Amino acid sequence: MPLNIGVLALQGDFQEHRAVLESLGAAVTEVRLPHQLEGLDGLVIPGGESTTIVKLAHRWGFPDALRHFVDEGGAVWGTCAGMIVMANALLETEPEPLSLMDITVSRNSFGRQVDSFETDIPVKGVPGGPVHAVFIRAPSVQDQGEGVECIAQLEDGTPVAVRSGKLMATAFHPELTPDTRIHEMFLRLSAGEPSPV
Amino acid sequence: MATSTNGTATSYIERVREPRWLNSQDAEVGSYAVKSGLAQMLKGGVIMDVVNDEQAKIAEDAGAVAVMALERVPADIRQDGGVARMSDPNMIEAILKAVTIPVMAKSRIGHFVEAQVLQALGVDFCDESEVLTPADHEFHSNKWAFKMPFVCGCTNLGEALRRIGEGASMIRTKGEAGTGDVVEAVTHARTVLGEIKRLQHLPEMELMTAAKNLGAPYDLVLEVARTGKLPVVNFAAGGIATPADAALMMQIGVDGVFVGSGIFKSGNPAQRADAIVQATTHFDNPDIIANVSRDLGEAMVGISSNELPESEQLAKRGW
């Protein structure tokens, strides 16, 4: 049986995630309404505009549905805007995140688009050397609760990937590079395999 | 040949990824990957024309993925006539400060100094736009020379591939801006998508002549023939005025929509903006489109695009 993975398709680069997950053998559902979460092993919250995704998520009743999904043992991974959506709190006043993970996040943490960058960083639990990470108007983790582990940081120590149980969040976009190792890590998490870290 | 995980071939992109701008201290900033990547983050979203910080805030609250800062929306540019230029830096800066979503601004076709000014202001995306009066009758700006990504209009596949060859990170249909008439956007989107389908079915020996006839770079023609899609994100623009218009363009197969005059020239901008955002996300759900289309008030008055004399057709601008 392939894993059933949803990609939150309210807005953003959900098709890019879908293509990678399908290439790894997952059965992928685009999730636009909460009832589409039923029967999923894991959900990816893609990159996009966090204000847009959060607004649409509130409008269609996703905050309660996603908390229920997590309580029932579903795995969730947010990339960039997805990390913002998952946060408990933001440094900024808007938007109101969905509080799925005990992290405090700063939006547009590295500046405007002209400051967007690519770099190589090691990610804990990902074998085979550093991951090429693309940061686009990216957020960063400012604070993390107990039980949340930082699995990747920039050279200056800024945390850019975190994990807690079956939840993970990355400030960068593995779906934009040909390297599928982070998606493979999320599929292992969704399958309930023990943490390699 | 290398294929990236999002299904687009990387051959052309790989070759052009090396930074070509001058005086950059950091080769990893402003690369092609981060420029085209920002366009990918806008997918499934609505980009709205705004003329001041107050409208920008309304657009952001309604769920716009980006705003286009300009002094006059296309409907007013049509009415006022004269030369339409880049907006005042003060006005653009006020909008940059007012919202956290990406801010786009327009330069004239071929006016690379206007584009340099926009990049210096910190604008997130430049639209080298036929809505403004062209500054060059032959050449578009060299968009490889910028860290700031560019979006350009097109009416057909050859035009789209020429703009991508010049370094555009995103393409949109031209439609016929400022009319509220969606027919030209439909025509341009169907033309581009149809020409892509045609290339896919040509034997390889015919592709060089296809490139000649399209007036498009051969490498890009090969890539499109192989992958069946443009190598960058493709939005619809020009004449979209209702939630159903937005959903129509999404079902035809574009990645997102620009709404120019359609929102702030209508009776209830905040509600219409919200409705178009909902219809773009739920483009394949007619029940939701029906619900958000209720009681939106007056749509923009509109001009039928086939009543426009040729001299007033903005889509004819660009080479």
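Ring pairs join A:F110, A:F117, A:F135 and A:F172 into a cluster, where rings of Phe, Tyr and Trp (its six-membered ring) pair if their centres lie within 6.5 Å, and planes under 30 degrees apart count as stacked, over 60 as edge-to-face and the rest as tilted. The model is predicted, so local features need pLDDT of at least 70 and side-chain atom pairs count only at pLDDT 80 or more, whereas totals for chains, interfaces and linings use all residues. Residues are numbered from 1 along each chain as its sequence is written, chains are lettered from A and ligands numbered from 1 in the order in which they are written, and side-chain values use heavy atoms, with hydrogens and water left out.

Over all chains, the structure holds eight aromatic pairs. One of them, formed by B:Y32 and B:W144, is tilted, at 5.4 Å centre to centre and 40° between the planes. B:Y32 lies in helix α2 (residues 32–41) of chain B and B:W144 in the loop between β4 (125–129) and β5 (150–154) of chain B, so the pair ties together parts that are 112 residues apart in sequence. Helices (H or I, at least four residues) and strands (E, at least two) are DSSP runs, numbered from the N terminus. Both B:Y32 and B:W144 are buried, that is, under 20% relative accessible area, with exposed being over 50% and partly exposed in between (1.4 Å probe, protein chains only). The pair of B:F235 and B:F258 is edge-to-face, with 5.7 Å centre to centre and 70° between the planes. B:F235 belongs to strand β7 (residues 233–235) of chain B and B:F258 to strand β8 (residues 257–259) of chain B, 23 residues apart. B:F235 and B:F258 are buried.

Chain B contains an open sheet of eight strands with parallel pairing, in the order β7-β6-β5-β4-β3-β2-β1-β8. Strands β7 and β8 of chain B stand at the edges with a single partner strand each, so one side of each has no neighbour in the sheet. From one strand to the next, the twist averages 30°. Strands β1 (residues 46–50) and β2 (residues 66–69) of chain B pair in the parallel sense over four bridges; pairing requires that DSSP finds at least two bridges between two strands. B:D49 has B:M68 in β2(B) as its bridge partner. Helix α3 (residues 53–62) of chain B lies across β1 and β2 of chain B and runs at about 165° to β1(B). Axes are lines fitted to C-alpha atoms, for helices over the stretch in contact, and angles run from 0 to 180 degrees between N-to-C directions.

B:K174 is located in the loop between β6 (170–173) and α8 (183–200) of chain B. With 3% relative accessibility, B:K174 counts as buried. Beyond four places in sequence, B:K174 touches residues including B:E130, B:E159, B:H188 and B:R317, contact meaning heavy atoms within 4.5 Å. The side chains of B:K174 and B:E159 make a polar contact (2.5 Å). A polar contact is a pair of N or O atoms within 3.5 Å; within protein, one must be able to donate a hydrogen and the other to accept it, and residues adjacent in sequence count only if both atoms are side-chain atoms. B:E159 is one of the buried residues of α7(B), a helix (residues 157–165) in which seven of nine residues are buried.
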